[in-house]
Each structure stands twice: as structure tokens, then as C-alpha cells.
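Student: I would like to go through this structure with you. Could we begin with the terms you use?

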Amino acid sequence: MTTSKEFSACVAHYDPDALPVEAAQEIVRQWAMPRTRGGLVERVGLHDALGRVLACDVISPIDVPAFDNSAMDGYAFASASLTRGADTLDLAVAGTALAGRPFATAPDASQCVRIMTGALMPPGCDTVVPQEHVMRAGDTIRFPVASVRSGQNRRLSGEDLAKGKPALRAGRVVRASDLGLLASLGIGEVSVRKRLVVAFFSTGDELRSVGETLDPGSLYDSNRYTLFAMLKRLGVETIDLGIVRDDRASLERALREATESADVVISSGGVSVGDADFTRELMNSLGDVAFWKIAMRPGRPLAFGRLWSGARAGTGKPALFFGLPGNPVAVMATFYFIVREALLAMSGAERQALTVVRAISAAPMKKRAGRTEFQRGIATRDDDGRWRVVTTGPQGSGVLSSMSDANCFIVLEHARGDIDSGDEVEIVPFDGLI
Ligand code: AMP
Ligand code: MG
């Protein structure tokens, strides 16, 4: 276990008042190690494996396909027949092979076997001529020799997955195709890592929960719902600790409870300059927490570190802590660009880089050099296949509708200044396919 001193040391390389996004990501990466405590693995059936992290390599118990078979509807024959010297080849149809109904005897050199896709290649046959190249008259076929090469249109046993080889690696987050792949191996259960447990809460005297009435100056707590959804999508287990009032005792209680029950604690609000003093003092007594001003927009204030459930820092059980800003869009930007990777790493998942696509900015954008900006964009594909992007409009970090209207983040790099219409920018699409 890394000590407090090491934590402070790794943060000390950077200016916490203007921490570049890449530096914050790098520090978080160093601290987000896969969990090692407790029973970490469970067996689940295929349906429950979707989105889970494989705990060990899955070794293929069989060859897939298990036998050589036809890739086309056509006629199977021995390719030695192709070398007879004529432009066309005549073969007599000796019988039929269907998927699941093999033709058991080897045809001789003047014969072929009618065959359907997926049918076992008859003995002695190594090539399939597709039916569309063939003229059939009665029980004889004729086709140009040039229409097929030796070995063509045959799927070889083990060409998809070879017996004894890893079919899926530990750390894999199981996707739709993987469920099918596991089923194709006859595997009905896999070992997956237990879900990471993440506790989260909102801070602020002004916040009300859905169902309460709004009195003057109050607003509904949206961050807990956004966080819940983003965490669910990542496949972690969530503990919702509600709204915590802006006083030391309430915050201390929430942090202790969260640290006791979870691997990771996420709060929103209460880390900007005005709040920092009382939060900072408390966090320092519970663990090693650094308050950063990240050079990003939205999402500038952020607290990151480790909390301990014991009476003093360094005692009891540790949990990684992310104190996100309160503004709803900042919560989402910091979650995806600072927190997400850490949660995946702690879950034992292989690294999954966000998809970045190049797009042409359809309009000028204001951008200040010296910080990374995550604007909300609407990207569309031109007739010529290029992506074009515009912002959703006002980019205030409290404008949550900008996230709902957008289909991507426009990521404007640290060093960059204003963007002209026609400039190339990077976008991160919100939706993945599988
Ligand atoms: P703070 O970081 O606590 O200063 O909050 C910054 C802004 O975000 C304030 O306008 C808060 O009212 C707002 N805010 C904080 N927490 C939430 C929340 N859970 N849901 C919606 N807005 C919030
Ligand atoms: Mg607040």
C-alpha cells in the first residue's frame, strides 16, 4: 500500500493551481490499481456476463468451427480435378451434403457433391464451386475451371478459434459478440470480477430531492441522477448516500460511511474556493486529499485522494476519493475525462481509450489557450463522408440541456486558441455501438 508521503510526492511535481488535464489523468492512473482485497471473483451465467470484466483468460475447449465446412451453396469436389487441362470441368453429382446432414463417402475424381453452407466437407473434397458459376444438366454440372481456385469456399476447422488458445483475455469487458463467442465454445458460465462499489452523494444546502417542494433559492439535485446513470453504464455497483448539508459533521458522517462501504467515493459540489477551507480541513483528517484547479473547462475545481475509514488517516479501510465540482456539466466532463478510466482500472478492466474522431468545425469557436475545453457538440456527417460539428449553443457549466442536446464532446486541446470555421477539431462521440 502506498503511503501518504508517496501520495503527496506524486502530486508535488505539478502546480495544483493549473494542473493540465493530462497531468491529472496521469496522477489518477497511478493511483487507480485493480482492487486486491476480499473475494474478488464470482461465476456467472452468460446472460449475466454482459458488461462484466473477465477475471481470467477463457481458453477455447474446442476448435471453432469443429470441422471443415462449406462457406457457400455449391458443389464440393477434390481440387486435383481442376488440373485436367480443359477450360471447363464436367462432374457428376454423387449426392447431397446439408448442414447437419453430412455426405459420408468420398466422391471419385469425376464426381462432386451438392453442398449447402455450413455442411461438413465430404471426405476427399477440399474445394467448393459456388452454384452461380455452374450449369447443371440432370446429374452433371459444368463450370469454367477459372471460376474457382484450389481450396476456395471452404472454412477450415479451428479457423475462427483454435482449441487450447485464449479466446478472450482476462480484463475483457464482455460485449454482445463475446456472449455469442462464448456460446459457440459451449461455455455457459464464466469467472468475472466482482463489481467495483462506488458510493456517491451531493453536497449543498440549496439542494432538494425530487419529490420535495422547491423553496426560494433552492434547486433540484440532478448530479446524483447523472452520476447514478454514468456509473451504471460503467457496470459498477452504486450506493446513493443522498444529499449532504454544508456542515462539517454531516460531511464527516457521509465520508466515513462511504469509505466504510465502498471502493470509491464520489461527491459533487463543495470543492470550489469558497467551500474549500472547511472541506479541506476535514479531508486532511480523514486521508490524503489534494485540491486541484484543473486547467479544464468545465471542471476546474476537483479534489482527489484517498480516504480511510479508521479513526486516523492510514487506519481502517481505504477508498479512492473524487470530489467533483457542483455544476452539472462539470460533473459529467470530469467523470468521463478524469474518473472513468480510474473506475475501469480498479474494476480490473483492460484500458479502453475513448473514441476520438476528427471533424470540421462548421463555425468559429472561442477558446482560451492554456486549458482544455470540453464543449458540447452536434456532429453530423456530410455527403462527402466528413464529420462536421457545431456547438449546442451557450456553454455554461450549469446548462445540463447542452449535454442532452449534444451527441459529442468537442475536445479543444490545452495549447489551442480560437477556432475558425473550417478548422479541424477532435470530437468524442457519446454513443458506442456495442
Ligand atoms: P459548488 O461546487 O458546490 O459551489 O456548486 C456549484 C454550482 O452547482 C452551484 O450553482 C450549485 O447550486 C450547483 N450544484 C451543486 N450541486 C448540484 C447538484 N447536485 N445538482 C444540481 N446543481 C448542483
Ligand atoms: Mg455547494
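Predicted model: local features only at pLDDT ≥ 70, side-chain atom pairs only at ≥ 80, totals over all residues.

Student: Which residues is Ser-361 in contact with, leaving aside neighbours within four places in sequence?

Tutor: Ser-361 is in contact with Val-389, Ile-419, Asp-420, Ser-421, Gly-422, Asp-423 and Val-425.

Student: And where is Ser-361 found?

Tutor: Ser-361 is in strand β22, residues 357–361. Strands (E, at least two residues) and helices (H or I, at least four) are DSSP runs numbered from the N terminus.

Student: Is Ser-361 buried or exposed?

Tutor: Ser-361 counts as buried because its relative accessibility is 1%. Buried means under 20% relative accessible area, exposed over 50%, and partly exposed in between, with a 1.4 Å probe and protein chains only.

Student: What lies 2.6 Å from a polar atom of the Ser-361 side chain?

Tutor: That is the backbone oxygen of Ala-363.

Student: Let us change topic. Where is Arg-224, and is Arg-224 buried or exposed?

Tutor: Arg-224 is placed in helix α5, residues 223–234. Arg-224 counts as buried, because its relative accessibility is 8%.

Student: Which side chain does Arg-224 join in a polar contact?

Tutor: The side chain of Asp-221, at 2.8 Å. A polar contact is a pair of N or O atoms within 3.5 Å; within protein, one must be able to donate a hydrogen and the other to accept it, and residues adjacent in sequence count only if both atoms are side-chain atoms.

Student: What else does Arg-224 touch, not counting residues up to four places away in sequence?

Tutor: Arg-224 touches Phe-200, Ser-202, Ser-209, Asp-240, Gly-242 and Ile-243.

Student: Which residues does a cis peptide bond join?

Tutor: One such bond joins Val-64 and Pro-65, with omega about -10°; another joins Arg-297 and Pro-298, with omega about -5°. Pro-65 is in the loop between β2 (58–59) and β3 (69–70), while Pro-298 is in the loop between β19 (296–297) and β20 (301–308).

How values were computed. Residues numbered from 1 in each chain as written. Chains lettered and ligands numbered in written order. Heavy atoms only, no water. Contact = heavy atoms within 4.5 Å.
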